[in-house]
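Student: I have a structure open and would like to learn how to read it. Could you walk me through some features, one at a time?

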Amino acid sequence: MKILVCITHVPDTTSKIQFTDNNTKFDKTGVQFIIGPYDDYALARAVELRDQTGGELTVLNVGEAETEPTLRKALAIGADKAIRVNAFPKDAYFVALQIAHYAKEGAYDLILMGRESIDFNGGMVHGMVGELLGMPSISPVMKLDIEGQSAKMAREIEGGKEYIEVDLPFIAGCQEPIAEWKIPNMRGIMSARTKPLDVVETISDETFSQVNAFQLPPAKGAVQLIDKDNVEELVRLLKNEAKIL
Amino acid sequence: MSILVYLEHTEGAVKKSSLEAVSYAHALSSKVGGEVVAVALGNISFEELVKAGSAGAAKVYHVADEKLSVGIIQAHANAVGQVFQKVGANTLVLAKSSLGDAVAARLAVQLKAGLVSNVVELPETEGGYTVKRSIYTGKAFAETSITSDNKILAVKKNAINLKTDGGEATVEKFEANLEDKDFAAKITSTDQATGEVLLPEADIVVSGGRGMKGPENWDMIEDLAKELGAATGCSKPVSDIGWRPHHEHVGQTGVKVAPSLYVAVGISGAIQHLAGVNGSKYIVVINKDPEAPFFKAADYGIVGDAFEVVPKLTEAIKANK
Ligand SMILES: Cc1cc2nc3c(=O)[nH]c(=O)nc-3n(C[C@H](O)[C@H](O)[C@H](O)COP(=O)(O)OP(=O)(O)OC[C@H]3O[C@@H](n4cnc5c(N)ncnc54)[C@H](O)[C@@H]3O)c2cc1C
């Protein structure tokens, strides 16, 4: 089976979010970049499926040269090869166009990615790739098993889950607990250095949107502490001040 | 040019977030003109459909195909796309949700439409079309221009007040032309809690963390939630260990909630948990550790043992009714 996993290169979840250049650019000072946590779940499951069924696992990122360490990490976790589409990811549609092109070229049986990126939280690339390729797209997938040419999965819905069956090929946006995050071991890290990482060019520059500027939310006021033996006071505040009860 | 709204429903009722999307579309139409038309798919009653009227829609198209009662992404996208063409819309508005995201993404390609998700305000339409959306899981906003003629806006919960004084909507049936391949992904069964307040939709949420010590102590959380008419949530380790079902997990890698009130009991307030709750209007924290980081993000706090404070609080709310 040929599996493609698309990963994002995003600030670590504990990063302080700040902007520079008159609020037009993300401030990378002191920020550590990671594989998007949802993409990391997709990758972990893909490694397990590749080990089970054999075949080849490719990771792909649309990004500039700075994302290569993140792709190397994916190779260390267990991917066989990596593709970097050499471009700044301008908008979701732009990214989906590149992925759809290389996915088609590679004739993958299964295309996995995270349910959403943790920078822009769009949650749309999987659906766009599905539509571009005319394949089913399913998200958010929390369980995925492959039997021959078909897959059984669970998709999270509000208040529960639904079970889905679909034939390969298809696209899934993944989330926990599809697999446990894998930490690269020494052997993985060593072998990642020599695995192929191909840099390819974009096939289209089309976009439908563009970000003009960023803003931070207003700072939160200080907490009002209420004595634990006077919970009635909290009820009063929720009623009269917050006007919730 | 009309504005189309995609309505989702569960347990036979239109979702409140979808009605908010209708209200958003109504406010948008006051700004840019055009009729607000809604579309609902699958089994749903007339009484529910006309609720879109109160929220601001002039008309509702109902694609009554039984097979669309469940959220098959491809089929939903194609049915909504056909209604979009039929009414000559140029904008689709929907509530941000896991099904909504998946459907909107396919439609963005079909309709060559710029899609902006997590929209928190009405667009700025002077000399362009700029929308403010929430990014970095609620830690920042981005002003985003849509450059295509067709537009899709996925609206974040609580971005707009629900309108309830709209008019009567006319309801019309629409036959969507769907093929077998639109149903290639088959939903074989569904496991869904019934009669519960859905977490992403809830106006009040009571969540418990590892400080609750074990699943046997959740009665306390549930009693408080019941008294408040709230949904229950939890932190990631709690769902990881299996004390609570996964769909209750709130945070960076779980459900993002935006209720009027979020009550956190025995949760430390790690940055990844806060990422899921920073859209809340008010936050109450109950934690025995005065240094717990959650207090910095809270409006009201009680430093104390949850096992003492929570039952007392439940009683006090009951007494106040
Ligand atoms: C990439 C990534 C993504 C993550 N995503 C999420 C996410 O989506 N959601 C999430 O929640 N976490 C997430 N986490 C985990 C997060 O970092 C924390 O580990 C987690 O939120 C801690 O859960 P907790 O507050 O329940 O437990 P703890 O940190 O163990 O805190 C328990 C709290 O309970 C208090 N307590 C104990 N006993 C009592 C008592 N009797 N009465 C009152 N208070 C008491 C303690 O003082 C403490 O503050 C993520 C981590 C990573 C690395």
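Tutor: Gladly! Let's begin with a definition: a salt bridge is a side-chain nitrogen of Lys or Arg within 4 Å of a carboxyl oxygen of Asp or Glu. Keep in mind that this model is predicted. Here, B:Lys112 and A:Glu206 form a salt bridge through their side chains, at 3.4 Å from N to O.

Student: How many salt bridges are there between chain B and chain A?

Tutor: The count is seven. There are also 44 residue pairs in polar contact between chain B and chain A, both residues being at pLDDT 80 or more. On the side of chain B that touches chain A, helix H5 (residues 98-110) of chain B gives the largest share, with nine residues. That side of chain B divides into 36 nonpolar, 32 polar and 20 charged residues.

Student: How do I describe the size of an interface?

Tutor: It is often given as the accessible area lost when the parts come together. For chain B and chain A, the buried area is about 7,100 Å², and carbon and sulfur atoms give 56% of that. In chain B, the residues that lose the most area to chain A are B:Arg106, B:Tyr136 and B:Tyr300, together 11% of what that side buries. The contact takes 88 residues from chain B and 81 residues from chain A.

Student: Which strand of chain B is joined to strand S11 of chain A?

Tutor: Strand S12 (residues 186-192) of chain B runs antiparallel to strand S11 (residues 160-167) of chain A, and six bridges join them. To find your place, look for A:Glu162, which stands opposite B:Thr190.

Student: Now the backbone. What should I expect of phi and of peptide bonds?

Tutor: Most residues other than glycine have a negative phi, and most peptide bonds are trans. Now for the cases that differ. A:Ala107 has a positive phi, near 45°, and sits in the loop between helix H3 (92-106) and strand S8 (110-114) of chain A. A:Lys243 also has a positive phi, about 55°, and lies in the segment after helix H6 (231-240) of chain A.

Student: Are A:Ala107 and A:Lys243 buried or exposed?

Tutor: The cut-off for exposed is over 50% relative accessible area. A:Ala107 counts as exposed because its relative accessibility is 52%, and A:Lys243 does so at 63%.

Student: And where are the cis peptide bonds to A:Pro140 and A:Pro177?

Tutor: One joins A:Ser139 and A:Pro140, with omega about -5°; A:Pro140 is in strand S9 (residues 137-147) of chain A. Another runs from A:Glu176 to A:Pro177, with omega near -5°. A:Pro177 lies in the loop between strand S12 (170-174) and helix H5 (186-192) of chain A.

Key:
Residues are numbered from 1 along each chain as its sequence is written. Chains are lettered from A and ligands numbered from 1 in the order in which they are written. This is a predicted model: local features need pLDDT of at least 70, side-chain atom pairs count only at pLDDT 80 or more; totals for chains, interfaces and linings use all residues. Side-chain values use heavy atoms; hydrogens and water are left out. Helices (H or I, at least four residues) and strands (E, at least two) are DSSP runs, numbered from the N terminus. Buried means under 20% relative accessible area, exposed over 50%, partly exposed in between (1.4 Å probe, protein chains only). Contact means heavy atoms within 4.5 Å. Buried area is the accessible area (1.4 Å probe) that two parts lose on being put together, summed over both. A polar contact is a pair of N or O atoms within 3.5 Å; within protein, one must be able to donate a hydrogen and the other to accept it, and residues adjacent in sequence count only if both atoms are side-chain atoms. Ala, Val, Leu, Ile, Met, Phe, Trp, Tyr, Cys and Pro count as nonpolar, Asp, Glu, Lys and Arg as charged, and the others, Gly among them, as polar. Two strands pair if DSSP finds at least two bridges between them.
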